[in-house]
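Biologist: Hi, could you walk me through this structure? I'd like to go topic by topic.

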Amino acid sequence: MNIEKEVARTIAKYGLLKKSEKVVVALSGGKDSTSVIYILKKMGYDVYGLLIDLKLGKWSKIHNEKMIAFCGGNDIPLTIVDLKKELGQGICFIKAVLKKQKNLTGCTVCGIIKRWILNKWAKKLGADKIVTGHNLDDEAQNVLMNFLKGNVLLGVNSSPATGGKPVRGFAQRIKPMFFIPENDIRAYAKKKKFDILYDKCPCSFETYRADTRDWLDNISDEEKLAIVENFQKLVPKLRKGDEKELVTCEKCGEPASSKLCNYCKIVCNI
Ligand code: AMP
Ligand code: ZN
């Protein structure tokens, strides 16, 4: 697959970006977000990198160094947010407390915290859109995990343009690589010789997701695409039955679907 063309196709089909917009790309330092920022820059978008330093020892230090070099070499401004300065604690401490207090585990916690920091900083940077590097494999995993958990509605906001329509005051999160298989992105990053780490996050021990990923390893990219595309066909119908306007969180002012945002709900007693 020509992933540059596929990114352009998804942007055009879903009206994801305009050349006049300020685009903040959430950079993890991995192959997906590095590839997407490189492609968007090449296409002429006004891109900025935003990396949350999760303070995961050597792993984070290497990611930071490599992203500073990558962005410097590609003329992309980069902001690094220090998680400890933001939250007063490292991610491991927060995860350990939440596991004990609320039996919340793994990547769910990390996802909620990252989203909250990204929204806050995107606003600070004056971003119109936040881009993430989510790919077809991530999306197929989400569809299946939500289905197996019996909560298909959890996926109603998942689309190349998160939430469907932009909400005033918030930078919309978009996923230009929504339909691109992980294998194709890895091949692209290697072909371009991006000097990055290909290892998984040392903190990702969410067994349910790992099991779903292993299971999906046995099916083809075409079948993964069918899972994601067929679910996308259901999204407008599912949204009709579950329309929640986004509001601002009473505590922190970030986007929320009820009085408190997910971040404030989980971290209020830490
Ligand atoms: P993950 O949940 O780790 O698979 O990451 C999904 C997407 O979230 C990545 O492609 C990035 O766009 C974004 N992301 C993950 N980790 C970070 C981070 N530490 N800083 C900024 N963005 C991140
Ligand atoms: Zn909040």
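The chat below covers salt bridges, a helix with a surface patch, a pocket and a few loop residues.

Biologist: What should I know before we start?

Modeller: This is a predicted model, so local features need pLDDT of at least 70 and side-chain atom pairs count only at pLDDT 80 or more, while totals for chains, interfaces and linings use all residues. Residues are numbered from 1 along each chain as its sequence is written, chains are lettered from A and ligands numbered from 1 in the order in which they are written, and side-chain values use heavy atoms, with hydrogens and water left out.

Biologist: Thanks! How many salt bridges does the structure hold?

Modeller: There are 15 salt bridges in the structure. A salt bridge here is a side-chain nitrogen of Lys or Arg within 4 Å of a carboxyl oxygen of Asp or Glu.

Biologist: Why would such side chains pair at all?

Modeller: Side chains of opposite charge can pair when their charged atoms come close.

Biologist: Which residue does lysine 120 meet in a salt bridge?

Modeller: Its partner is glutamate 86, at 2.9 Å from N to O. Lysine 120 lies in helix H6 (residues 106-124) and glutamate 86 in helix H4 (residues 83-87), so this pair ties together parts that are 34 residues apart in sequence. Helices are DSSP runs of H or I with at least four residues, strands are runs of E with at least two, and they are numbered from the N terminus.

Biologist: And what does lysine 123 pair with?

Modeller: Lysine 123 meets glutamate 254 in a salt bridge of 3.4 Å, N to O. Glutamate 254 sits in the loop between strand E6 (247-248) and strand E7 (255-256), with lysine 123 in helix H6, so the pair ties together parts 131 residues apart in sequence.

Biologist: Is glutamate 254 buried or exposed?

Modeller: Glutamate 254 is buried, at 5% relative accessibility, whereas lysine 123 is partly exposed at 40%. Buried means under 20% relative accessible area, exposed means over 50%, and partly exposed is in between (1.4 Å probe, protein chains only).

Biologist: Which residues are linked in a network of salt bridges?

Modeller: That network links Lys31, Asp32, Glu182 and Arg186. Within it, the side chains of lysine 31 and aspartate 32 meet at 3.2 Å, N to O. Lysine 31 is buried at 11% relative accessibility, and aspartate 32 is buried at 14%.

Biologist: New topic: helix H9. Which of its residues are buried?

Modeller: In H9 (residues 207-216), the buried ones are Arg209, Thr212 and Leu216. They cover an arc of only 65° around the axis, which puts them on the same side of H9. That arc is taken from the directions from the helix axis to the C-beta atoms.

Biologist: So what is on the face turned away from the buried side?

Modeller: That face of H9 carries the exposed residues Thr207, Asp211 and Trp215.

Biologist: Which residues form the nonpolar patch on the surface?

Modeller: Phe147, Leu148, Tyr208 and Trp215 form it, and together they have about 460 Å² of accessible area. Helix H7 (136-148) and H9 are the elements that give two or more residues to this patch. Phenylalanine 147, which lies in H7, is exposed with a relative accessible area of 58%.

Biologist: How are patches and areas worked out?

Modeller: Patches use residues with over 30% relative accessible area and no salt bridge; like charges are joined within 9 Å, and nonpolar side chains (Val, Leu, Ile, Met, Phe, Trp, Tyr) within 5 Å. Accessible areas come from the Shrake-Rupley method with a 1.4 Å probe, and for residues only the protein chains shown count as cover.

Biologist: What is the volume of the second largest pocket?

Modeller: About 200 Å³. Of the 12 residues that line this pocket, the closest to its centre are Lys13, Tyr14, Phe179, Gln232 and Lys233. Helix H1 (3-14) and helix H10 (221-241) are the elements that give two or more residues to the lining, and the largest share, 6 residues, comes from H10.

Biologist: What counts as a pocket?

Modeller: On a 1 Å grid over the protein atoms alone, a pocket is an open set of points where a 1.4 Å probe fits, with protein on both sides within 12 Å along at least five of seven lines; lining residues have an atom within 4 Å of a point. Grid points are joined across faces, edges and corners, and the volume is the space filled by probe spheres set on the points.

Biologist: Last one: where does lysine 55 lie?

Modeller: Lysine 55 is in the loop between strand E2 (46-53) and helix H3 (57-73). Its phi is near 60°, a positive value in a residue other than glycine. Aspartate 75 also has a positive phi, of about 60°, although it is not a glycine, and it lies in the loop between H3 and strand E3 (78-82).
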